Amino acid sequence: MSSTPLEHVSQNPPARSTVAWRQVIWFVILTFALTWLVVLPLYFIDDANLFQTLYLPVALVMMGIPALVSWGVVCKTQPKGQRAAALGFRRPRPVGRFLGYLGLAFSIPLGIALLSLPIAAALGLYTFDLENFSGLQQVFDEAGAGSMPVELMLVSQLLNVVIAAWVINLLPALGEEIGWRGWLTPQLLPLGIIPTIAITGVVWGLWHTPLILLGHNYPHLPGWQAVGFMVVFCTLLGGILAWLSIRSRSVWPAALGHSTINAIGGLPLIFSAETTFDTAHVGITGTTAWLVTGLVLLVLLLLKSFKPAPVPAVDPRTAWPSDY
């Protein structure tokens with residue numbers, strides 16, 4: 001590959017033949033194969049306690065596979081000094097704008113999740129309790145912390161979201177985003193932004209299949225219907241993450257956005273009258289959030305916003321290899 005990732009976005013799309021299809025196909029094959037290899041032992045565990053003990057470590061290893069495979073690809077195809085940039089690691093320039101995209105990476109998924117709740121309530125899929133927060137209260141009661149003031153419960157849950165998004169979930173999410181938005185998205189951009197979002201979203205969604213069939217995200221749906229829901233979810237949210245990565249010229253905002261998505265999975269519980277909700281329709285993974293995400297994505301497409309923001313001129317005396 002002679003061009004650096006994202007370089008072609010601001011130009012007219014090159015011919016489709018410029019996509020390094022062999023590298024893309026091998027990336028997908030190896031990523032899927034290694035993922036199934038890592039997750040498959042969970043299918044043979046009958047002990048529920050052992051399954052729960054191993055589930056999180058297996059999922060964390062799985063999230064690092066896209067980064068591992070994409071790193072292997074760039075080691076084969078990119079010269080030293082350009083490999084980090086090929087995975088989406090560039091010097092933030094200017095820093096203020098980069099920090100702004102980090103802020104958007106946190107606030108956009110959070111806003112989508114919150115805006116989807118009134119839609120779910122209007123459709124009869126969700127019941128608010130903004131007076132007693134009875135769903136949250138019951139969870140704390142079951143945990144033996146029911147005497148805590150409700151205000152403190154709310155603050156603790158919101159702090160959990162912030163800490164999980166910015167710290168705890170960030171590195172595992174980065175393991176995925178290095179592959180999906182850092183490497184794969186720039187490889188497909190010669191096809192145009194809509195095909196890139198669609199292909200990456202389908203690949204990303206199907207990659208989750210080993211965990212989805214075990215009940216991840218959509219436990220109330222039949223297995224392959226759950227996979228289909230995951231593909232739609234990943235395509236729509238993946239479009240937002242692609243926008244963050246392209247605009248910032250960096251994988252970090254996409255990683256933070258991904259981390260935030262993972263951190264707010266239980267957000268509806270905070271405002272709910274019940275202790276459970278249907279993730280197929282409520283919350284960031286549900287159909288009501290798809291409506292909000294689709295609208296945000298449509299606005300970004302109509303504004304033709306999927307191009308790198310301008311960067312300051314490069315001073316050769318202080319330039320990094322990734323600046324070119």
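1. The structure holds one cavity of 30 Å³ or more. By cavity I mean, on a 1 Å grid over the protein atoms alone, a set of points where a 1.4 Å probe fits but cannot get out. Volume is the space filled by probe spheres set on the points, with grid points joined across faces, edges and corners.

2. Do keep in mind that this is a predicted model, where local features need pLDDT of at least 70, side-chain atom pairs count only at pLDDT 80 or more, and totals for chains, interfaces and linings use all residues. Residues are numbered from 1 along each chain as its sequence is written, and side-chain values use heavy atoms, leaving out hydrogens and water.

3. The largest cavity has a volume of about 30 Å³. Its lining residues (an atom within 4 Å of a point) include R181, T196, C234 and A242.

4. The largest pocket (an open set with protein on both sides within 12 Å along at least five of seven lines) has a volume of about 690 Å³. Of its 26 lining residues, M63, N169, H216, N217 and N262 lie nearest the centre.

5. For the lining of the largest pocket, α2 (48–77) gives the largest share, six residues. Helices supplying at least two residues there also include α10 (223–248) and α11 (252–263).

Notes:
Helix = DSSP H or I, 4+ residues; strand = E, 2+ residues; numbered from the N terminus.
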